[in-house]
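Please read this note beside the model.

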Amino acid sequence: MASHRRPKQPSRTRVTVLTTAAAAAVVLSANAANAAPTEKLGKDEVKAKVDKLYEQAEQATEKYNGAKEKQQKLQKEISTIQDNVARGQQELNKLRDGLGSMATAQYRSGGIDPSVQLFLSSNPDDYLDKASTLDQLSSQQVEALKKIQDKQRELAQERAEATEKLKDLAATRTELGDKKKEVQGKLAEAQKLLNTLTAKEKAALDAAQQRANRSSTERVDLKDAPPASGRAGAAFSAAQSQIGKPYVYGATGPSSFDCSGLTSWAYAQAGVSIPRTSEAQANAGTRIYNQSDLQVGDLVIFYGDMHHVGLYAGNGQVLHAPHTGAVVRYEAMGNMPFQFGVRI
């Protein structure tokens with residue numbers, strides 16, 4: 001009689017190992033089939049990507065500048081409020097001392113009423129609402145008590161305002177840190193791309209940038225340019241004195257500048273205060289949409305989100321701080337998307 005013994009099954013452990021190995025082999029095969037070979041970007045492609053990253057870094061820079069300006073403004077406002085609160089508390093203490101002196105005098109003369117103790121309370125609101133108490137107070141005491149009440153309300157309002165501004169300051173500091181990281185991230189990404197170039201390619205890009213800086217720092221011919229107004233002319237002259245200074249994000253001079261740092265610094269030298277950021281500078285004066293109407297020293301706003309600004313130099317040129325790696329220089333306005341000019 002034939003034997004019908006069942007064949008021996010492989011152990012559970014052996015099956016698991018085989019299955020895992022097979023799955024891994026399939027994944028590796030699929031990845032090998034789908035993975036595109038790493039292709040080195042050419043010099044021109046790297047430059048295009050780096051230029052885009054610099055533009056994005058400048059966008060983030062203007063947001064960073066806005067947050068920094070807001071932080072400084074809030075700090076000043078908070079300091080003013082805190083000073084007011086401190087002075088107000090001193091005034092309140094004096095009012096209370098004065099009321100206490102009146103109470104003491106009444107006591108010594110034997111005419112003090114027990115209710116006079118209410119004058120010295122830190123919260124007189126409840127007592128002012130009680131006519132029976134008011135009837136027992138002199139007009140001088142009532143006036144003193146009302147002054148205390150008004151001062152307390154004023155202090156409470158100022159303290160509440162300071163609390164809200166401190167919350168706003170904390171949020172602004174967070175935004176400032178985020179924008180700083182964003183700028184640094186874009187610049188690091190650009191540097192990483194540049195590091196993929198060969199030494200020869202790097203040298204060629206550097207040489208091209210240096211040529212652009214040198215050729216664009218030469219004074220443009222302004223003989224056919226519309227004349228500048230007094231302060232705009234003074235601002236333009238100040239900016240010209242900074243030609244060749246490097247672009248550094250967040251910088252307002254005089255050793256380095258970003259785009260709006262240069263324009264705000266230049267106008268400050270002419271005795272005119274304008275906002276810190278390009279977006280705010282876009283609303284700082286009369287807008288001029290026709291390039292032929294621009295005058296030397298007018299602000300010139302570029303890009304749809306208004307993240308870049310320079311000073312009109314005449315003959316279709318702008319004097320500006322372009323981007324990381326470049327210096328304060330002249331450039332043809334046609335190299336960037338012109339939005340409008342602003343006459344301060």
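1. Which way do Leu 299, Val 300, Ile 301 and Phe 302 point from strand 2, and are they buried or exposed? Leu 299 and Ile 301 point one way, Val 300 and Phe 302 the other, and all are buried. Buried means under 20% relative accessible area, exposed over 50%, partly exposed in between (1.4 Å probe, protein chains only). Strands (E, at least two residues) and helices (H or I, at least four) are DSSP runs, numbered from the N terminus.

2. The model is predicted: local features need pLDDT of at least 70, side-chain atom pairs 80 or more, while totals for chains, interfaces and linings use all residues. Residues are numbered from 1 along each chain as its sequence is written, and side-chain values use heavy atoms, without hydrogens and water.

3. Strand 2 (residues 299-302) runs antiparallel to strand 3 (residues 308-314), with four bridges. Pairing takes at least two DSSP bridges. Val 300 has Gly 310 as its bridge partner. The two strands form a hairpin with five residues between them, and Tyr 303 in the turn has a positive phi of about 75 degrees.

4. Strand 6 (residues 338-343) is also antiparallel to strand 2, again through four bridges. Here Ile 301 stands opposite Phe 340.
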